[in-house]
Amino acid sequence: MLQTFAHYGCHFLIPLFVALIWYKPNWKFAFLIMISGMLIDLDHLLANPVFDPNRCSIGFHPLHSYFAITFYLFLLIPKKSRLVALGLVIHIIADVVDCSFM
């Protein structure tokens, strides 16, 4: 129960706080862009089984690889890609929190 709350809390509450604090005039747009970072979970469809509650996605799925995470961090630098990158990095942080419970 705590693991689920922590995981999904990170997925939704952190982007909401970031949007409300740093993107106040356009917080809804910023929040939606950051939430779209959850689309990287589509790579779970490549796994067999698709969902395994005892599997850490970091380093297992292609869009959760260390190479991809490094790319997401570099996307934080240009202003044009920063919101998308924040969503991706926050998603990875949420998955790290989830893995820490395993």
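## Terms and model

Helices here are DSSP runs of H or I with at least four residues, numbered from the N terminus. The model is predicted.

## The largest pocket

H1 gives the largest share of the lining of the largest pocket: five residues. The pocket holds about 440 Å³ of space. Its lining counts 20 residues, and those closest to the centre are His-7, Tyr-8, His-44, Phe-51 and Asp-98. Two elements give two or more residues each: helix H1 (2-22) and helix H4 (82-100).

Eight of its residues are nonpolar, seven are polar and five are charged.

## The cavity

One cavity of 30 Å³ or more is present in the structure. The largest cavity has a volume of about 40 Å³. His-11, Pro-15, Met-34, Ile-35, Gly-37, Met-38, Gly-87, Ile-90 and His-91 line the largest cavity.

H4 gives the most, with three. By class, the cavity lining has five nonpolar residues, four polar and no charged.

Leu-13, Phe-17, Leu-20, Ile-21 and Trp-22 make a nonpolar surface patch of about 550 Å². Of these, Phe-17 sits in helix H1.

## A cis peptide bond

The peptide bond from Asn-48 to Pro-49 is cis, and its omega is near 0°. Pro-49 lies in the loop between helix H2 (27-35) and helix H3 (66-74).

Conventions:
Residues numbered from 1 in each chain as written. Predicted model: local features only at pLDDT ≥ 70, side-chain atom pairs only at ≥ 80, totals over all residues. Heavy atoms only, no water. 1 Å grid on protein atoms, 1.4 Å probe; cavity = no way out; pocket = protein on both sides within 12 Å on 5 of 7 lines; lining within 4 Å. Points joined across faces, edges and corners; volume = space filled by probe spheres on them. Nonpolar A, V, L, I, M, F, W, Y, C, P; charged D, E, K, R; others polar. Patch = residues over 30% accessible without salt bridge, like charges linked within 9 Å, V, L, I, M, F, W, Y side chains within 5 Å. Areas by Shrake-Rupley, 256 points an atom, 1.4 Å probe, with all protein chains shown as cover. Salt bridge = Lys/Arg side-chain N within 4 Å of Asp/Glu carboxyl O.
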